[in-house]
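Please take a moment with the sequence and the model shown here before reading on. The explanation begins with the chain as a whole and then turns to its parts.

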Amino acid sequence: MNCNAIQESLIDLLEGKLSNQKRQEVEKHIQHCESCQQDWREMQEVITLLENESDLIEEPDNFMGNVRQKVGRTQKKYKKSSKHRAMMGLAAGLFLTFFVGTAFATNGFTSLMDWWQDLSHKENEKIQKNVQQGLGENLN
């Protein structure tokens with residue numbers, strides 16, 4: 001095993017989550033690799049320190065109550081945001097439906113297409129006029 005694979009396995013080794021074969025491979029590598037030995041010792045020291053000092057850590061008064069309130073506010077904000085997005089989507093859908101329906105009913109798309117073709121035709125005429133005056137050349 002390479003050092004990167006070992007690094008990924010050290011926490012699982014600490015927690016006892018490795019299969020026997022994988023555990024033996026990791027332990028064998030640690031015995032022969034000074035860098036991984038150092039990392040292993042440091043991780044064990046941190047775990048030991050945390051276990052010894054965990055009794056000294058005190059949570060503030062009403063810590064879990066504050067967490068619940070914060071989670072509740074976040075959930076309300078998320079629900080409000082979701083409701084707002086849904087309403088905006090509904091409004092956009094209704095507007096689009098109204099716009100397309102009106103355009104079909106008044107043949108608006110036909111006049112829009114005619115306008116676009118006329119504009120395109122005028123642009124082509126301008127380009128051809130410029131080419132004839134020597135201001136450019138025709139491209140494929």
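The model is a predicted one, and its protein chain contains 5 helices and 0 strands. Read from the N terminus, the order of elements is therefore simply α-α-α-α-α, and the radius of gyration of the chain is 35 Å, well over the 14 Å that the globule rule gives for 140 residues, so the chain is more spread out than a compact globule. Along the principal axes, the C-alpha atoms fill a box of roughly 85 × 50 × 30 Å.

Of the 140 residues in the protein chain, 10% count as buried, while the chain exposes about 12,500 Å², of which carbon and sulfur atoms supply 56%. When contacts between residues at least 6 apart in sequence are considered, 43% of them join residues that are at least 24 apart.

Part of the exposed surface is a nonpolar patch, made up of Phe 95, Leu 96, Phe 99, Phe 104, Phe 109, Leu 112, Trp 115, Trp 116 and Leu 119, which together have about 1,000 Å² of accessible area. Helix H4, covering 63-105, and helix H5, covering 108-132, each supply at least two residues of this patch, and the largest share, 5 residues, comes from H5.

Is Phe 109 buried, partly exposed or exposed? Its relative accessible area is 31%, and because partly exposed residues lie between the buried limit of under 20% and the exposed limit of over 50%, Phe 109 counts as partly exposed.

Helix H5 can also be checked for its length. At 1.5 Å a residue, the 25 residues of H5 should span 36 Å, and the end C-alpha atoms of H5 are 36 Å apart, which agrees with that expectation. After H5 comes Gly 134, whose phi is positive, near 85 degrees.

Asn 62 has its place in the loop between helix H3, covering 34-53, and H4. With a relative accessibility of 52%, Asn 62 counts as exposed, because the limit for that class is over 50%.

How values were computed
Residues numbered from 1 in each chain as written. Predicted model: local features only at pLDDT ≥ 70, side-chain atom pairs only at ≥ 80, totals over all residues. Heavy atoms only, no water. Patch = residues over 30% accessible without salt bridge, like charges linked within 9 Å, V, L, I, M, F, W, Y side chains within 5 Å. Areas by Shrake-Rupley, 256 points an atom, 1.4 Å probe, with all protein chains shown as cover. Salt bridge = Lys/Arg side-chain N within 4 Å of Asp/Glu carboxyl O. Helix = DSSP H or I, 4+ residues; strand = E, 2+ residues; numbered from the N terminus. Buried < 20%, exposed > 50% of the residue type's maximum accessible area, 1.4 Å probe, protein only. Rg over C-alpha atoms; globule rule 2.2 N^0.38 Å. Contact = heavy atoms within 4.5 Å. Expected span 1.5 Å × (residues − 1).
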